[in-house]
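Student: I have a structure open on my screen and would like to learn how to read it. Could we go through some of its features together?

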Amino acid sequence: MQVSKNPFLKLAFRNVGVIAGLSIFFILLAASIFGPHLLPHDPYKMNIMNRLKPPVFMSGGTWEHPLGTDALGRDLLARVLSGLRVSLIIGFSTVLLIFLFGSALGMTSGYYGGLFDTIQMRITDAQLSLPMIVLAIAILGVTRPNIYSIILVLAISSWPIYARVTRGIVLGEREKEYVRAAKIIGASGPRIIARYIAPGILPSVALVAILDIARMIIFEAILGFLGLSIQPPQPSFGNIIADGRKYLVNAWWIATMPGVVLSLLLISINMVGSGVEKVRKTIIET
Amino acid sequence: MGYVIYFLARRSAQGLIIVFFAVFFIFMVMRIVPGDPVRLMVGGAAPDQVLQKVAKELGLKDPLLVQFGRYLKGIVQGDFGNSFIRPKSGGSVGGEAWDDKRAHARAEVFDLIVERIPLTLLLAGMAMGWAILLGIPLGIMAALRQGGWVDKFANAFVSVSISVPNFWLGIILMLIVSIRLKILPSVGYKGLSYVILPSFAVSLELAPILLRTIRSSMIDVLQMNFVKVAKARGLSSWSIIMKHCFRNSLIPLLNVLGVQIGILLGGVIVVEFVFNYPGLGLLTIYAVLQRDFPLIQGIVILFAGVFVFINIIVDLLCSYVDRRLTF
């Protein structure tokens, strides 16, 4: 089957990990997009008569609520899918943001060097030395977090890695012939960065960024668990799990089920990420 | 020896700059972001004049740079300031009535932090122990038989454990081990057995990183000529692997450990919250939520300092393991 003429994509689509990861990922994506419209239950609708119903595979569970219900009788599956949607939006937009912003800054400081470079490197050093979570809870702890502020905070606390990685690569690229040649024909700095350097180095950085989507989703879940992400009643993985922690003894499924879906999502993203990385390595070697 | 001293001096100077920037950064962020610590301190019912008076006493009305200068001056003299909220008597929540006189003896940040350090060190150390125990033997065995069943198992272990969020894993461990099986306690700290579950939850974030690094560096080392020579000399494969290969594959591992210390700290913070383990992580989360500026600044200095220190140690160890590396 001829999938693509691009050798990279061709190899990638033959990698078992990439295919398996993508399949799981697209199933989850479809579930998060279409699920809420197809399910008979609304994630916010309470039904006290139906509270703490176990999932379908336990005695007493029904297909009415495949993952059971929570303490207010809300359908857990509907809530998990709604949380999945939030996680996906936050994960992808944050990584896009830090990838663009971080690598733009990194390329500029790597190319020009000088004072700008020094200051920026010290800032990234300082920021890498404090756990991101301290910074994030410092900012989110006082505001009423919404989806935009969460994306922004996650981005603020993770852009330095991108700046640093691209800077490192550009330092090497800067001395290469094609950059010198571009300088000689009179190309300006921004033009060299955007037209000649960026297309060469950004794809490999973007591949590593796939793994960061998973990292950001975990990070959002942690914040949600601490009560600093999307606020209830809107469900997110973190706040459903935090809520379920109170019912561990008599209704263990509330805390565990969202985690299973979350782990599946993360596993699928990581499988794609590491598969793609392997393919990139084999292409470089040959 | 001269080299070492020069290296230490240079790196310590750089480290000081990093710590300085980190504190400056968090100092400014905490004050720019809305959220009034004075309101939390005096309680909701206090009249506005009291609010103004307390803010003035704490110096919160001065320009930010003046406040920062005063803070730095204190630190140079060994004074990390007093917590805004925590009383000396050891209680943990502020917000007493504004006219309650007891609230005035506030705990020193230095003491608050120091008394929590041993518990967190215990947790982090045990987590590191679990991670080494799990990751390194599995990584070496996976490297020896690439594509064999150990390798496949290790691969599966890495992709699952790297994907499972540790706070959820902590809850699962709590559910299975302490609620269902009732083997280990899980909430709070009353003895060594309370550390086992949280440290295991932290280690499962660290173990896959160790495993992956040691596997790939072992594979690189195994292909080198000296391994073939050692085989030709008739050395036993155990001594080749342990004495020659393992030692040489330590360098990337040490470097990774230096970088991952931030992840270890982040994991410890969250897991301490899950298990209500009274270490630095729990202190940090409450300090941030309560806007306890001096306490947060103190913790940040400690975290940044630890990060810098460990990275210096890692570089020293690397040059000890591989004498070709210069400082």
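Tutor: Gladly! Let's start with the handedness of a helix crossing: a crossing is right-handed if the near helix is turned clockwise from the far one by less than a right angle, and left-handed if anticlockwise. Keep in mind that this is a predicted model.

Student: Which handedness does the crossing of α6(A) and α8(A) have?

Tutor: The crossing of these two helices, α6(A) and α8(A), is right-handed.

Student: What else describes such a pair?

Tutor: Two packed helices are described by the angle between their axes and the distance between the axes. Here the axes of α6(A), residues 147-173, and α8(A) come within 10 Å and cross at roughly 150 degrees. Angles over 145 degrees count as roughly antiparallel, so α6(A) is roughly antiparallel to α8(A).

Student: Which residues of α6(A) and α8(A) meet?

Tutor: On the α6(A) side they include I150(A), L154(A) and Y162(A), and on the α8(A) side they include I197(A), I201(A) and F219(A). Sorted by class, this contact has twelve nonpolar, one polar and two charged residues.

Student: How do I read the contact between the chains?

Tutor: The size of an interface is often given as the accessible area lost when the parts come together.

Student: How many residues does the largest nonpolar core have?

Tutor: It has 155 residues, and among those with the most contacts inside it are A136(A), I222(A) and I299(B). Helix α8 of chain B, residues 193-222, gives the most to this core, with 15 residues. A second, separate core has six residues, including V170(A) and I192(A).

Student: What should I look for in the backbone?

Tutor: Most residues other than glycine have a negative phi, and most peptide bonds are trans. Now for the exceptions here. K182(B) has a positive phi, near 55 degrees, and sits in the loop between α7 and α8 of chain B. N276(B) also has a positive phi, about 50 degrees, and is found in the loop between α11 and α12 of chain B.

Student: Is K182(B) buried or exposed?

Tutor: K182(B) is exposed, because 8 other C-beta atoms lie within 10 Å, and 12 or fewer counts as exposed.

Student: Which residues does a cis peptide bond join?

Tutor: P232(A) and P233(A), with omega about 10 degrees. P233(A) lies in the loop between α8 and α9 of chain A.

Note on methods: Residues numbered from 1 in each chain as written. Chains lettered and ligands numbered in written order. Predicted model: local features only at pLDDT ≥ 70, side-chain atom pairs only at ≥ 80, totals over all residues. Core = buried A, V, L, I, M, F, W, Y, C linked by C-beta atoms within 7 Å. Buried ≥ 20, exposed ≤ 12 C-beta atoms within 10 Å, placed from the backbone. Helix = DSSP H or I, 4+ residues; strand = E, 2+ residues; numbered from the N terminus. Axes fitted to C-alpha atoms, helices over the stretch in contact; angles between N-to-C directions. Parallel < 35°, antiparallel > 145°, perpendicular 65-115°, else oblique. Contact = placed C-beta atoms within 7 Å. Nonpolar A, V, L, I, M, F, W, Y, C, P; charged D, E, K, R; others polar.
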